[in-house]
Amino acid sequence: MRWVDLKASIKDFWFEFRRQKGGLFGLALLFLLIFTALGAPYLTEPDIPTKWSQYWEGNPTTVPPVWYNYFTTKKLAPHEILTSNDLRITSPGEDIGGGMKYYGFEFTYENNYDFPPSDIIIRNIGVKLTDLNSPAQIVITLVRPDGIKIELLNTELREGSVYQLAKDGKVRNAVFQWASQFENPQKIAQAGETLKSTMDTTKVIFGKAQEGILTNPEALKGTYIFQVDIFTFREGDQIDLSTTETILSGRTYGFMGTDYKARDLWSGLVWGTRVSLTVGVTVAVLTVLIGIFYGVTSAYLGGWKDEFMQRVNEFWASIPTLPILILLGAAFKGHVSLWTIVFLMVAFYWTGIAKVARSMALQIKEQTYVEAAIALGAGTGRIIFKHIMPQIMPYAFAAMALNVPGAVLTEASLSFLGLGDPTAVTWGQILYDAQTQSATINGYWWWVIPPGLAITLVAFTFVLLGISLDRVLNPRLKRL
Amino acid sequence: MGYGRYITIRLLNALLVLALVTLLVSVLFTKVAEEDIRSSIQEQINLKLRSNPELQRQLAADPAKLQEWYQREYNRLIHVYELDKPFWVRVIQRTKDTLTLNFGNTKSPIFGETAVGKIISKAIPRTVILFTTAQIFVILIGLLLGVKAAQIAGSILDKGVSIVAMVTSSIPMWWFGMMMILIFSFKMGLFPSGGMTSMPPKEGFAYYLDVLYHMILPVSTIVFVLFGGWAWTTRNIMIGTMQEDFIMAARAKGVPERKVIYGHALRASAPPIVTMTIFSLLGSIGGAIITESVFNWPGMGRLYWTALQQNETRLLMGVTFVTVALYLIAMIIADLAYGYLDPRVKVGASQST
């Protein structure tokens with residue numbers, strides 16, 4: 001085919017296709033999906049696939065997205081990370097005699113939420129000790145908007161120390177001690193221990209100082225100042241605050257919330273596009289090419305060869321796909337790669353296409369121009385590829401698009417059963433995790449809805465494209 | 001070619017498929033099972049040593065003796081589990097066992113049984129109940145909507161059916177089930193989130209009502225995802241038939257429109273519709289199986305899920321074998337039904353073209 005012809009036929013095609021509203025919509029969706037898949041490293045972070053299977057340290061687990069606040073009357077604190085730029089250094093290492101030094105910094109937190117952060121984590125304080133047996137001392141004090149000062153923690157500071165204030169027993173004791181003065185003394189005497197172990201530390205810290213602070217704390221909004229004082233005891237001990245990080249673990253996180261491994265679901269959704277598109281399109285294209293090749297060859301060869309190839313096809317087609325795929329997936333469990341899955345799907349899906357291609361090829365074979373080509377001494381390959389294939393190609397393109405949804409859904413189903421590639425970020429796998437962690441019963445909607453919608457979107461895109469292509473390229477099949 | 005021979009060829013083909021699939025599966029799983037057994041043998045020996053302090057004391061004194069005891073124990077267990085036989089003998093044995101429905105036992109009891117055959121025979125009726133009920137609704141709604149849409153082709157209803165069909169065929173059924181649980185069970189609290197009965201099960205008539213109540217969510221999930229595609233297929237077939245000459249003839253001779261549609265057109269469209277029914281039924285088995293496990297329905301789907309989660313290879317083999325067998329039976333029925341409804345179609349008919 002010459003270049004001009006190709007250009008002309010593409011022009012013709014576009015002229016027809018333009019009038020398919022559904023097709024244009026599908027095309028727009030396809031561009032959006034491709035854009036997301038290609039832009040994944042820029043939309044999120046480039047190292048998502050490598051760290052996806054791990055627990056994401058520092059993030060809150062199973063919290064809804066930030067925009068959830070627009071739909072609730074009680075506001076939930078978002079996830080915030082304060083770096084050293086957000087800290088105010090009050091003392092950069094004042095010498096207080098006897099080899100002791102005093103470092104101090106503070107940070108403020110504006111609490112405008114009904115549900116304050118679930119945890120406050122202070123980490124990465126650069127500590128260099130000359131003698132490991134004499135650690136530094138750290139004192140964390142909170143100044144609340146109502147003027148009350150609470151010493152939350154007074155403990156040792158060593159290299160690599162991480163302070164998770166909500167999980168720390170000492171903080172719990174201190175906070176309980178402080179809060180119990182507002183409660184009914186009788187209640188404290190009766191159920192003090194249970195109250196202490198069940199109270200939500202940060203809710204109390206950020207709660208109104210009134211009766212009920214332990215059982216049903218009401219948020220006190222305003223500016224909170226956390227003062228951190230560090231004392232070193234030996235000459236030569238060094239404290240470096242430039243890497244210090246404070247994490248205010250949110251009750252909401254990012255665009256799409258997090259799952260039980262504290263992973264950012266938004267990243268998972270964006271990266272999942274790649275797998276879904278790649279698997280869907282590869283399977284569809286390979287399936288159709290193999291199917292057409294098989295069908296055309298069978299039709300062209302005819303006679304007992306055709307008969308044999310058709311028997312093989314029928315035999316293969318009568319194997320139920322999904323149960324066998326599940327079984328094969330289980331046999332390779334744990335070390336299935338995406339390409340194995342692609343290969344298996346192609347191996348089972350080509351039969352239907354081969355049947356249609358054969359019947360089409362049988363008709364074309366009887367055309368006079370094919371007879372003419374045979375009379376001119378054209379070889380088998382030339383006739384198949386030059387004369388029969390081009391006639392079938394329109395059908396092939398439509399079939400490719402129409403085969404994508406099935407492949408996408410099957411891949412998702414396999415991942416959902418836990419049989420997918422464990423190293424890949426896939427939507428099916430996110431839903432598998434959701435299912436094993438009973439996300440539906442616990443109402444983690446942000447974990448369940450988006451991945452399924454994404455799968456539906458990809459499948460729907462190709463259904464739209466496929467039906468429009470079918471209408472344009474196979475006008476004979478047009479119904480009505 | 002006679003009908004009898006047609007059936008025989010179909011049956012033989014199905015049996016061959018079943019046998020070959022089983023063989024293939026046996027090869028895979030003999031390999032998997034071997035690794036499983038080897039690690040379990042290690043565990044058993046260690047357990048035996050640990051639970052017997054007398055033996056421990058004796059062997060601790062003499063490392064050579066320990067080695068010898070270990071080897072003897074290992075060889076004994078290898079023999080018990082028949083790992084000393086050649087690979088192919090084991091594969092053939094397993095194929096034979098599976099084909100004669102000897103699936104063996106699971107490691108831990110499921111539905112209160114350990115024999116795989118019994119577990120499966122408990123699960124099948126439950127799946128059939130759920131699936132048949134849903135399918136009856138799908139067929140009824142699909143047929144009515146499809147015929148209606150074909151009758152007024154191009155109308156809003158017709159376009160609506162096409163759009164619904166396109167959208168629902170893109171939805172993973174099991175995900176839709178999760179959504180149903182999220183909305184109707186978690187948010188609204190109207191229906192139970194899973195299971196077939198309340199715990200503990202009720203007695204007498206209340207039991208059946210309870211099962212029906214538990215069926216509502218899964219059945220509506222299946223119906224919602226499948227009815228659109230059904231209606232669309234029916235519509236397409238019907239539109240094809242409605243353009244035939246005999247319909248025009250019927251109309252011309254004054255047959256009432258209702259009778260033209262339901263008497264003539266639908267009757268003529270029956271063969272493809274019936275086959276489509278059975279094939280779409282088969283196609284949706286996979287999705288429905290996974291959906292079942294989402295709703296914790298104690299049927300075949302749950303068995304798949306449990307087998308995969310707990311590494312019950314024997315159960316998985318049994319379930320797969322039964323599914324494949326059922327699938328093949330349904331396929332034969334589809335073929336026979338088609339051959340019955342449309343006598344032109346017989347095996348080998350393509351040869352004459």
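**Backbone, helices and interface**

Mentor: Helices (H or I, at least four residues) and strands (E, at least two) are DSSP runs, numbered from the N terminus. This is a predicted model, where local features need pLDDT of at least 70 and side-chain atom pairs count only at pLDDT 80 or more, while totals for chains, interfaces and linings use all residues. Residues are numbered from 1 along each chain as its sequence is written, and chains are lettered from A and ligands numbered from 1 in the order in which they are written.

Trainee: OK, what is the phi of A:Ala262?

Mentor: Positive, about 65 degrees, although A:Ala262 is not a glycine. Most residues other than glycine have a negative phi.

Trainee: And how many C-beta neighbours does A:Ala262 have inside 10 Å?

Mentor: A:Ala262 has 18, so it counts as partly exposed. The cut-offs: buried is 20 or more other C-beta atoms within 10 Å of the residue's own, exposed is 12 or fewer, and partly exposed is in between, with C-beta atoms placed from the backbone.

Trainee: Where is A:Asn124 found?

Mentor: In the loop between strand E4 (119–123) and strand E5 (126–128) of chain A. Phi of A:Asn124 is near 60 degrees, a positive value in a non-glycine residue. A:Asn124 is partly exposed too, with 18 other C-beta atoms within 10 Å.

Trainee: Zooming out, how many helices and strands does chain A have?

Mentor: Chain A has 15 helices and 11 strands. Its C-alpha atoms fill a box of roughly 110 × 50 × 45 Å along the principal axes. Buried residues make up 39% of the 480 residues in chain A.

Trainee: What is the radius of gyration of chain A?

Mentor: It is 33 Å, whereas a compact globule of 480 residues would be near 23 Å. That radius is taken over C-alpha atoms, and the globule rule is 2.2 Å times the number of residues to the power 0.38.

Trainee: Now helix packing. At what angle do H8(A) and H10(A) cross?

Mentor: Helix H8 (residues 303–317) and helix H10 (residues 338–365) of chain A cross at roughly 140 degrees, and their axes come within 9 Å. Axes are lines fitted to C-alpha atoms, for helices over the stretch in contact, and angles run from 0 to 180 degrees between N-to-C directions. That makes H8(A) oblique to H10(A); under 35 degrees is roughly parallel, over 145 roughly antiparallel, 65 to 115 roughly perpendicular, and the rest oblique.

Trainee: Which residues make the contact?

Mentor: A:Asn313, A:Trp316 and A:Ala317 of H8(A), with A:Thr351, A:Ala354 and A:Lys355 of H10(A). Contact means C-beta atoms, placed from the backbone, within 7 Å.

Trainee: Over to chain B: how far apart are the axes of H6(B) and H8(B)?

Mentor: They are 8 Å apart, and the two helices pack at an angle of about 135 degrees. H6(B) and H8(B) are therefore oblique to each other.

Trainee: Last topic, the interface. How many residues of chain B are in contact with chain A?

Mentor: 39 residues of chain B are in contact with 36 residues of chain A. On the chain B side, H1(B) supplies the largest share, 8 residues.

Trainee: How does that side of chain B divide by class?

Mentor: Into 29 nonpolar, 10 polar and no charged residues. Here Ala, Val, Leu, Ile, Met, Phe, Trp, Tyr, Cys and Pro count as nonpolar, Asp, Glu, Lys and Arg as charged, and the others, Gly among them, as polar.

Technical notes:
Two residues are in contact if their C-beta atoms, placed from the backbone, lie within 7 Å.
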